[in-house]
Amino acid sequence: MSVPSILILPGDGIGPEVMKQVRRIIEWFMEHRGLEFEISEDLVGGAAYDAHGIPLHDDTMARAGNSDAVLLGAVGGPRYDNLDFSLKPERGLLRLRKEMDLFANLRPARCFDALADFSSLKKEVVAGLDIMIVRELTSGVYFGEPRGIFTEGNERVGINTQRYKESEIERVARSAFELARRRNGKVCSMEKANVMESGVLWREVVQKVHDENYTDIELGHMYADAGAMQLCRWPKQFDVILTDNLFGDLLSDCAAMLTGSLGMLPSASLGAPMKNGRPKAMYEPVHGSAPDIAGQESANPIACMLSFAMALRYSFDLGGEADRLETAVEQVLADGVRTADLLPEGDATAVSTSRMGDAVIEKLALSL
Ligand code: NAD
(Lines give C-alpha, C1' and ligand atoms only; values in the text may rest on other atoms or scores of the structure.)
Protein backbone atom coordinates (compact mmCIF):
# COMPACT_ATOMS: atom_id res chain seq x y z
CA MET A 1 0.00 0.00 0.00
CA SER A 2 1.32 3.48 -0.84
CA VAL A 3 2.36 5.94 1.85
CA PRO A 4 -0.75 7.83 3.06
CA SER A 5 -0.88 11.46 1.99
CA ILE A 6 -1.82 14.48 4.09
CA LEU A 7 -2.51 17.86 2.49
CA ILE A 8 -2.00 20.73 4.93
CA LEU A 9 -3.90 23.95 4.24
CA PRO A 10 -2.90 26.43 6.99
CA GLY A 11 -5.11 29.26 5.65
CA ASP A 12 -5.26 32.69 7.28
CA GLY A 13 -4.82 34.50 10.58
CA ILE A 14 -3.85 32.12 13.37
CA GLY A 15 -4.21 29.15 10.94
CA PRO A 16 -0.49 29.09 9.98
CA GLU A 17 0.56 29.66 13.63
CA VAL A 18 -1.37 26.71 15.04
CA MET A 19 -0.61 24.50 12.04
CA LYS A 20 3.13 25.03 12.54
CA GLN A 21 2.79 23.26 15.90
CA VAL A 22 0.72 20.45 14.37
CA ARG A 23 3.38 19.94 11.74
CA ARG A 24 5.96 19.50 14.54
CA ILE A 25 3.69 16.89 16.11
CA ILE A 26 3.27 15.01 12.83
CA GLU A 27 7.04 15.04 12.40
CA TRP A 28 7.43 13.70 15.95
CA PHE A 29 5.16 10.75 15.14
CA MET A 30 7.09 10.09 11.92
CA GLU A 31 10.45 10.19 13.69
CA HIS A 32 9.58 8.38 16.92
CA ARG A 33 6.63 6.14 16.12
CA GLY A 34 7.62 5.02 12.65
CA LEU A 35 4.52 6.51 11.01
CA GLU A 36 4.89 7.34 7.36
CA PHE A 37 3.03 10.20 5.69
CA GLU A 38 3.59 12.05 2.46
CA ILE A 39 2.97 15.64 3.53
CA SER A 40 2.36 18.60 1.26
CA GLU A 41 1.13 22.11 1.88
CA ASP A 42 -1.00 24.50 -0.17
CA LEU A 43 -3.02 27.71 0.05
CA VAL A 44 -6.66 28.26 0.91
CA GLY A 45 -8.85 31.24 1.77
CA GLY A 46 -7.36 34.72 1.85
CA ALA A 47 -3.86 33.31 1.31
CA ALA A 48 -5.01 31.68 -1.94
CA TYR A 49 -6.81 34.88 -2.95
CA ASP A 50 -3.60 36.88 -2.42
CA ALA A 51 -1.63 34.44 -4.60
CA HIS A 52 -4.17 33.50 -7.28
CA GLY A 53 -7.10 35.92 -7.02
CA ILE A 54 -9.44 33.07 -5.96
CA PRO A 55 -9.96 31.42 -2.54
CA LEU A 56 -9.15 27.92 -3.80
CA HIS A 57 -7.15 27.06 -6.91
CA ASP A 58 -8.39 24.15 -9.05
CA ASP A 59 -5.03 22.40 -8.58
CA THR A 60 -5.45 22.61 -4.79
CA MET A 61 -8.98 21.25 -5.08
CA ALA A 62 -7.69 18.32 -7.14
CA ARG A 63 -4.89 17.62 -4.63
CA ALA A 64 -7.38 17.71 -1.74
CA GLY A 65 -9.64 15.23 -3.54
CA ASN A 66 -6.72 12.85 -4.01
CA SER A 67 -5.32 13.14 -0.46
CA ASP A 68 -5.98 10.60 2.27
CA ALA A 69 -6.63 13.46 4.68
CA VAL A 70 -6.78 17.24 4.49
CA LEU A 71 -5.79 19.26 7.56
CA LEU A 72 -7.09 22.82 7.47
CA GLY A 73 -6.21 25.69 9.84
CA ALA A 74 -8.74 28.51 9.42
CA VAL A 75 -9.77 30.99 6.76
CA GLY A 76 -10.96 34.59 6.70
CA GLY A 77 -10.04 38.01 7.97
CA PRO A 78 -11.14 41.64 7.83
CA ARG A 79 -8.95 42.33 4.78
CA TYR A 80 -11.27 40.16 2.71
CA ASP A 81 -14.60 41.32 4.14
CA ASN A 82 -15.45 43.56 1.17
CA LEU A 83 -14.68 41.02 -1.56
CA ASP A 84 -17.43 39.74 -3.80
CA PHE A 85 -19.27 36.83 -2.16
CA SER A 86 -17.77 34.33 -4.64
CA LEU A 87 -14.20 35.40 -3.76
CA LYS A 88 -14.50 35.42 0.03
CA PRO A 89 -12.07 33.10 1.86
CA GLU A 90 -14.98 31.02 3.26
CA ARG A 91 -15.94 30.05 -0.31
CA GLY A 92 -12.68 28.07 -0.51
CA LEU A 93 -13.66 26.06 2.54
CA LEU A 94 -17.21 25.52 1.29
CA ARG A 95 -15.92 24.35 -2.09
CA LEU A 96 -13.68 21.77 -0.40
CA ARG A 97 -16.58 20.43 1.69
CA LYS A 98 -18.95 20.36 -1.30
CA GLU A 99 -16.67 18.85 -3.94
CA MET A 100 -15.30 16.23 -1.55
CA ASP A 101 -18.94 15.52 -0.61
CA LEU A 102 -18.14 15.52 3.11
CA PHE A 103 -21.57 14.60 4.40
CA ALA A 104 -20.78 13.60 8.00
CA ASN A 105 -19.49 16.29 10.32
CA LEU A 106 -18.02 14.95 13.56
CA ARG A 107 -17.79 17.32 16.49
CA PRO A 108 -16.53 15.78 19.72
CA ALA A 109 -17.29 17.50 22.99
CA ARG A 110 -14.74 16.27 25.48
CA CYS A 111 -14.08 17.93 28.79
CA PHE A 112 -10.55 17.54 30.07
CA ASP A 113 -10.65 17.32 33.87
CA ALA A 114 -8.19 20.18 34.24
CA LEU A 115 -10.61 22.47 32.39
CA ALA A 116 -13.87 21.38 34.03
CA ASP A 117 -14.08 24.73 35.86
CA PHE A 118 -14.19 26.46 32.48
CA SER A 119 -17.65 25.23 31.62
CA SER A 120 -20.67 27.33 32.46
CA LEU A 121 -22.20 24.16 33.93
CA LYS A 122 -21.38 22.57 37.28
CA LYS A 123 -18.10 20.66 37.41
CA GLU A 124 -19.77 17.31 38.19
CA VAL A 125 -22.01 17.66 35.13
CA VAL A 126 -19.11 18.07 32.69
CA ALA A 127 -15.99 16.47 34.26
CA GLY A 128 -15.02 13.45 32.17
CA LEU A 129 -17.56 14.26 29.46
CA ASP A 130 -16.77 12.62 26.09
CA ILE A 131 -19.53 12.75 23.49
CA MET A 132 -19.58 12.97 19.70
CA ILE A 133 -22.11 14.83 17.59
CA VAL A 134 -22.53 13.56 14.03
CA ARG A 135 -24.21 16.25 11.95
CA GLU A 136 -25.40 15.68 8.38
CA LEU A 137 -23.56 18.42 6.47
CA THR A 138 -24.54 18.50 2.82
CA SER A 139 -28.34 18.46 2.72
CA GLY A 140 -31.39 19.57 4.72
CA VAL A 141 -32.80 23.05 5.12
CA TYR A 142 -29.56 24.87 4.22
CA PHE A 143 -29.69 23.41 0.71
CA GLY A 144 -33.34 22.42 0.02
CA GLU A 145 -35.31 24.02 -2.82
CA PRO A 146 -37.42 26.09 -3.10
CA ARG A 147 -35.61 28.79 -1.22
CA GLY A 148 -35.63 32.56 -1.42
CA ILE A 149 -37.59 35.66 -0.57
CA PHE A 150 -40.77 35.94 -2.67
CA THR A 151 -43.70 38.29 -2.81
CA GLU A 152 -47.12 36.94 -1.99
CA GLY A 153 -49.94 39.45 -2.31
CA ASN A 154 -48.76 42.62 -0.63
CA GLU A 155 -46.03 41.16 1.55
CA ARG A 156 -42.79 39.22 1.24
CA VAL A 157 -42.29 35.66 2.37
CA GLY A 158 -38.96 33.99 3.18
CA ILE A 159 -38.76 30.31 2.27
CA ASN A 160 -36.33 27.52 3.05
CA THR A 161 -37.10 23.87 2.56
CA GLN A 162 -36.11 20.98 4.78
CA ARG A 163 -35.55 18.07 2.42
CA TYR A 164 -33.86 14.71 2.97
CA LYS A 165 -33.57 11.73 0.63
CA GLU A 166 -33.51 8.28 2.21
CA SER A 167 -30.01 7.68 0.81
CA GLU A 168 -28.72 10.86 2.49
CA ILE A 169 -30.07 9.76 5.87
CA GLU A 170 -28.82 6.21 5.40
CA ARG A 171 -25.20 7.13 4.72
CA VAL A 172 -24.84 9.51 7.66
CA ALA A 173 -26.60 7.02 9.94
CA ARG A 174 -24.06 4.40 8.90
CA SER A 175 -21.23 6.81 9.78
CA ALA A 176 -22.73 7.34 13.25
CA PHE A 177 -23.18 3.60 13.91
CA GLU A 178 -19.64 2.82 12.72
CA LEU A 179 -18.32 5.51 15.06
CA ALA A 180 -20.34 4.19 17.97
CA ARG A 181 -18.72 0.78 17.41
CA ARG A 182 -15.31 2.37 18.05
CA ARG A 183 -16.64 4.21 21.11
CA ASN A 184 -19.23 3.16 23.69
CA GLY A 185 -21.79 1.53 21.39
CA LYS A 186 -24.64 4.03 21.83
CA VAL A 187 -26.36 6.31 19.31
CA CYS A 188 -29.12 8.80 20.08
CA SER A 189 -30.79 10.15 16.93
CA MET A 190 -32.43 13.58 17.21
CA GLU A 191 -35.09 15.14 14.96
CA LYS A 192 -38.56 16.64 15.29
CA ALA A 193 -40.67 13.70 14.11
CA ASN A 194 -43.55 15.11 16.17
CA VAL A 195 -43.98 18.11 13.86
CA MET A 196 -41.91 17.50 10.68
CA GLU A 197 -42.41 14.84 8.00
CA SER A 198 -38.68 14.93 7.23
CA GLY A 199 -38.21 13.99 10.88
CA VAL A 200 -40.60 11.05 10.54
CA LEU A 201 -38.60 9.77 7.56
CA TRP A 202 -35.31 10.42 9.39
CA ARG A 203 -36.43 8.32 12.36
CA GLU A 204 -37.72 5.47 10.16
CA VAL A 205 -34.55 5.29 8.05
CA VAL A 206 -32.17 5.47 11.04
CA GLN A 207 -34.12 2.67 12.73
CA LYS A 208 -34.02 0.57 9.52
CA VAL A 209 -30.23 1.00 9.07
CA HIS A 210 -29.84 0.00 12.71
CA ASP A 211 -32.08 -3.07 12.51
CA GLU A 212 -30.44 -4.32 9.30
CA ASN A 213 -26.77 -3.94 10.23
CA TYR A 214 -26.11 -2.50 13.66
CA THR A 215 -28.14 -4.39 16.25
CA ASP A 216 -25.02 -4.48 18.47
CA ILE A 217 -25.46 -0.70 18.92
CA GLU A 218 -27.96 0.70 21.43
CA LEU A 219 -30.16 3.13 19.47
CA GLY A 220 -32.44 5.73 21.01
CA HIS A 221 -34.49 8.56 19.47
CA MET A 222 -35.18 11.96 20.97
CA TYR A 223 -36.89 15.12 19.79
CA ALA A 224 -34.16 17.68 19.13
CA ASP A 225 -35.59 20.25 21.56
CA ALA A 226 -35.69 17.68 24.36
CA GLY A 227 -32.16 16.66 23.30
CA ALA A 228 -30.95 20.24 23.77
CA MET A 229 -32.37 20.23 27.29
CA GLN A 230 -30.78 16.88 28.09
CA LEU A 231 -27.41 18.10 26.77
CA CYS A 232 -27.46 20.87 29.38
CA ARG A 233 -29.01 18.75 32.14
CA TRP A 234 -26.91 15.57 31.99
CA PRO A 235 -24.70 15.37 28.87
CA LYS A 236 -22.88 12.25 30.06
CA GLN A 237 -25.94 10.12 29.20
CA PHE A 238 -24.92 10.40 25.51
CA ASP A 239 -22.21 8.71 23.47
CA VAL A 240 -22.89 9.51 19.78
CA ILE A 241 -25.64 11.97 18.85
CA LEU A 242 -26.81 11.71 15.24
CA THR A 243 -28.74 14.62 13.80
CA ASP A 244 -29.50 16.64 10.68
CA ASN A 245 -27.81 19.75 9.35
CA LEU A 246 -29.89 22.42 11.09
CA PHE A 247 -30.32 20.75 14.48
CA GLY A 248 -26.69 19.62 14.33
CA ASP A 249 -25.55 23.19 13.80
CA LEU A 250 -27.31 24.25 17.02
CA LEU A 251 -26.67 21.16 19.12
CA SER A 252 -22.95 20.99 18.31
CA ASP A 253 -22.40 24.62 19.30
CA CYS A 254 -24.35 24.01 22.49
CA ALA A 255 -22.27 20.89 23.26
CA ALA A 256 -19.07 22.76 22.43
CA MET A 257 -19.69 25.29 25.15
CA LEU A 258 -20.00 22.51 27.72
CA THR A 259 -16.27 22.08 27.38
CA GLY A 260 -15.04 25.67 27.67
CA SER A 261 -12.81 27.34 25.10
CA LEU A 262 -13.12 27.53 21.33
CA GLY A 263 -9.36 26.94 21.20
CA MET A 264 -9.90 23.34 22.36
CA LEU A 265 -12.44 22.08 19.83
CA PRO A 266 -11.49 19.83 16.90
CA SER A 267 -13.72 18.55 14.09
CA ALA A 268 -13.73 16.11 11.21
CA SER A 269 -15.81 16.02 8.06
CA LEU A 270 -16.02 12.64 6.37
CA GLY A 271 -17.31 11.51 2.99
CA ALA A 272 -17.67 8.24 1.14
CA PRO A 273 -14.87 5.66 1.22
CA MET A 274 -12.21 6.01 -1.49
CA LYS A 275 -10.73 3.09 -3.45
CA ASN A 276 -8.26 2.39 -0.62
CA GLY A 277 -11.13 2.11 1.88
CA ARG A 278 -10.33 5.36 3.69
CA PRO A 279 -13.11 7.95 3.79
CA LYS A 280 -12.59 11.27 2.06
CA ALA A 281 -11.79 13.46 5.02
CA MET A 282 -11.00 16.95 6.17
CA TYR A 283 -9.95 17.78 9.73
CA GLU A 284 -10.06 21.29 11.13
CA PRO A 285 -10.42 23.17 14.40
CA VAL A 286 -13.87 24.63 15.04
CA HIS A 287 -12.47 28.12 15.60
CA GLY A 288 -11.90 30.74 12.90
CA SER A 289 -8.83 32.76 11.96
CA ALA A 290 -9.03 34.93 15.13
CA PRO A 291 -7.78 38.16 13.51
CA ASP A 292 -7.81 39.86 16.92
CA ILE A 293 -4.83 37.75 18.06
CA ALA A 294 -3.25 36.71 14.73
CA GLY A 295 0.51 37.24 14.48
CA GLN A 296 0.95 37.40 18.25
CA GLU A 297 1.96 33.76 18.81
CA SER A 298 -0.68 33.57 21.52
CA ALA A 299 -3.27 31.28 19.88
CA ASN A 300 -4.11 27.93 21.41
CA PRO A 301 -2.94 25.17 19.01
CA ILE A 302 -4.75 22.36 20.88
CA ALA A 303 -7.93 22.35 18.73
CA CYS A 304 -5.78 21.86 15.66
CA MET A 305 -3.64 19.19 17.39
CA LEU A 306 -6.78 17.30 18.43
CA SER A 307 -8.02 17.54 14.83
CA PHE A 308 -4.86 15.68 13.80
CA ALA A 309 -5.60 13.10 16.53
CA MET A 310 -9.00 12.59 14.85
CA ALA A 311 -7.18 12.07 11.52
CA LEU A 312 -4.98 9.42 13.13
CA ARG A 313 -8.07 7.64 14.45
CA TYR A 314 -10.58 8.00 11.61
CA SER A 315 -8.44 8.17 8.46
CA PHE A 316 -5.46 6.05 9.40
CA ASP A 317 -6.95 3.61 11.91
CA LEU A 318 -4.26 4.54 14.43
CA GLY A 319 -6.46 4.86 17.51
CA GLY A 320 -3.56 4.02 19.84
CA GLU A 321 -1.47 6.88 18.48
CA ALA A 322 -4.50 9.21 18.67
CA ASP A 323 -4.87 8.22 22.35
CA ARG A 324 -1.17 8.95 22.85
CA LEU A 325 -1.56 12.50 21.51
CA GLU A 326 -4.78 13.16 23.43
CA THR A 327 -3.19 11.89 26.64
CA ALA A 328 -0.18 14.18 26.10
CA VAL A 329 -2.55 17.15 25.74
CA GLU A 330 -4.44 16.06 28.86
CA GLN A 331 -1.19 15.84 30.86
CA VAL A 332 -0.01 19.26 29.70
CA LEU A 333 -3.30 20.78 30.85
CA ALA A 334 -3.12 18.88 34.15
CA ASP A 335 0.33 20.46 34.70
CA GLY A 336 -1.36 23.86 34.45
CA VAL A 337 0.21 24.91 31.13
CA ARG A 338 -2.27 27.33 29.55
CA THR A 339 -2.48 29.64 26.55
CA ALA A 340 -4.16 32.99 27.19
CA ASP A 341 -7.64 31.82 26.13
CA LEU A 342 -7.65 29.36 29.06
CA LEU A 343 -6.79 31.99 31.67
CA PRO A 344 -8.32 35.15 33.11
CA GLU A 345 -7.55 38.17 30.93
CA GLY A 346 -4.04 39.55 31.45
CA ASP A 347 -2.78 36.51 33.39
CA ALA A 348 1.01 36.63 33.07
CA THR A 349 1.45 32.85 33.22
CA ALA A 350 0.02 32.38 29.70
CA VAL A 351 2.35 30.49 27.37
CA SER A 352 2.90 31.13 23.67
CA THR A 353 1.61 28.95 20.82
CA SER A 354 5.03 27.38 20.26
CA ARG A 355 5.61 26.83 24.00
CA MET A 356 2.33 24.87 24.08
CA GLY A 357 3.73 22.87 21.15
CA ASP A 358 6.96 22.22 23.11
CA ALA A 359 4.97 21.09 26.16
CA VAL A 360 2.92 18.56 24.17
CA ILE A 361 6.03 17.20 22.45
CA GLU A 362 7.78 16.84 25.83
CA LYS A 363 4.85 14.73 27.08
CA LEU A 364 4.84 12.67 23.88
CA ALA A 365 8.53 11.95 24.42
CA LEU A 366 7.75 10.71 27.95
CA SER A 367 5.16 8.29 26.52
CA LEU A 368 7.81 6.25 24.72
P1 NAD B 1 -12.97 33.12 15.65
O2 NAD B 1 -13.19 31.70 16.00
O3 NAD B 1 -11.89 33.40 14.68
O4 NAD B 1 -12.67 33.96 16.99
C5 NAD B 1 -13.63 34.12 18.04
C6 NAD B 1 -12.87 34.48 19.35
O7 NAD B 1 -12.20 33.32 19.84
C8 NAD B 1 -11.78 35.53 19.14
O9 NAD B 1 -11.73 36.38 20.27
C10 NAD B 1 -10.51 34.74 19.03
O11 NAD B 1 -9.35 35.42 19.45
C12 NAD B 1 -10.81 33.53 19.94
N13 NAD B 1 -10.12 32.32 19.44
C14 NAD B 1 -10.49 31.56 18.38
N15 NAD B 1 -9.62 30.56 18.21
C16 NAD B 1 -8.70 30.67 19.18
C17 NAD B 1 -7.54 29.92 19.52
N18 NAD B 1 -7.15 28.84 18.84
N19 NAD B 1 -6.80 30.34 20.57
C20 NAD B 1 -7.16 31.41 21.28
N21 NAD B 1 -8.25 32.16 21.02
C22 NAD B 1 -9.02 31.79 19.98
O23 NAD B 1 -14.37 33.68 15.11
P24 NAD B 1 -14.73 35.11 14.51
O25 NAD B 1 -13.97 36.19 15.23
O26 NAD B 1 -16.19 35.15 14.46
O27 NAD B 1 -14.22 35.07 12.99
C28 NAD B 1 -12.94 35.56 12.56
C29 NAD B 1 -12.73 35.17 11.09
O30 NAD B 1 -12.67 33.74 11.00
C31 NAD B 1 -13.86 35.62 10.18
O32 NAD B 1 -13.30 36.02 8.95
C33 NAD B 1 -14.71 34.35 10.02
O34 NAD B 1 -15.41 34.35 8.80
C35 NAD B 1 -13.64 33.29 10.03
N36 NAD B 1 -14.10 31.95 10.46
C37 NAD B 1 -13.52 30.90 9.84
C38 NAD B 1 -13.85 29.62 10.23
C39 NAD B 1 -13.12 28.48 9.57
O40 NAD B 1 -12.11 28.69 8.91
N41 NAD B 1 -13.56 27.25 9.76
C42 NAD B 1 -14.75 29.40 11.27
C43 NAD B 1 -15.32 30.50 11.92
C44 NAD B 1 -14.97 31.79 11.50
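**Pockets, cores and a hairpin in the predicted model**

About 480 Å³ of space lies in the second largest pocket. This pocket is lined by 20 residues, with S175, E178, R182, L270 and P279 closest to its centre. Helix 6 provides the largest share, six residues. By class, the lining of the second largest pocket holds 10 nonpolar, four polar and six charged residues. The structure is a predicted model, in which local features need pLDDT of at least 70, side-chain atom pairs count only at pLDDT 80 or more, and totals for chains, interfaces and linings use all residues. Residues are numbered from 1 along each chain as its sequence is written, and side-chain values use heavy atoms, with hydrogens and water left out.

Volumes are the space filled by probe spheres set on the points, which are joined across faces, edges and corners. Helices (H or I, at least four residues) and strands (E, at least two) are DSSP runs numbered from the N terminus. Ala, Val, Leu, Ile, Met, Phe, Trp, Tyr, Cys and Pro count as nonpolar, Asp, Glu, Lys and Arg as charged, and the others, Gly among them, as polar.

Elements supplying at least two lining residues each include strand 3 (69-74), strand 4 (104-110), helix 9 (245-258) and strand 12 (279-285). Helix 4 contributes the largest share, seven residues. The lining of the largest pocket divides into 10 nonpolar, nine polar and 11 charged residues.

One cavity of 30 Å³ or more was found. The largest cavity holds about 50 Å³. Its lining consists of Q162, M190, E191, K192, M196, S198, G199, W202, D244 and F247. Strand 8 and helix 7 each give two or more of these residues, and helix 7 has the largest share, with three. Four lining residues of this cavity are nonpolar, three polar and three charged.

A nonpolar core is a set of buried Ala, Val, Leu, Ile, Met, Phe, Trp, Tyr and Cys residues joined through side-chain atoms within 4.5 Å. Buried means under 20% relative accessible area, exposed over 50%, and partly exposed in between (1.4 Å probe, protein chains only). The largest such core has 71 residues, of which L106, V134, Y283 and F308 touch the most other members. Helix 10 (residues 302-314) gives the most to this core, 10 residues. Beyond four places in sequence, V134 is in contact (heavy atoms within 4.5 Å) with residues including L106, V172, L179 and I241. A separate core of 19 residues has V126, L129, M190 and L231 among its members.

Strand 6 (residues 144-152) pairs with strand 7 (residues 155-161) in the antiparallel sense, over six bridges. Pairing requires at least two DSSP bridges between the strands. E152 faces E155 of strand 7. Two residues separate the strands of this hairpin, where G153 takes a positive phi near 65°.

N194 lies in the loop between strand 8 (186-191) and helix 7 (197-213). This residue is partly exposed, with a relative accessible area of 41%.

Conventions: 1 Å grid on protein atoms, 1.4 Å probe; cavity = no way out; pocket = protein on both sides within 12 Å on 5 of 7 lines; lining within 4 Å.
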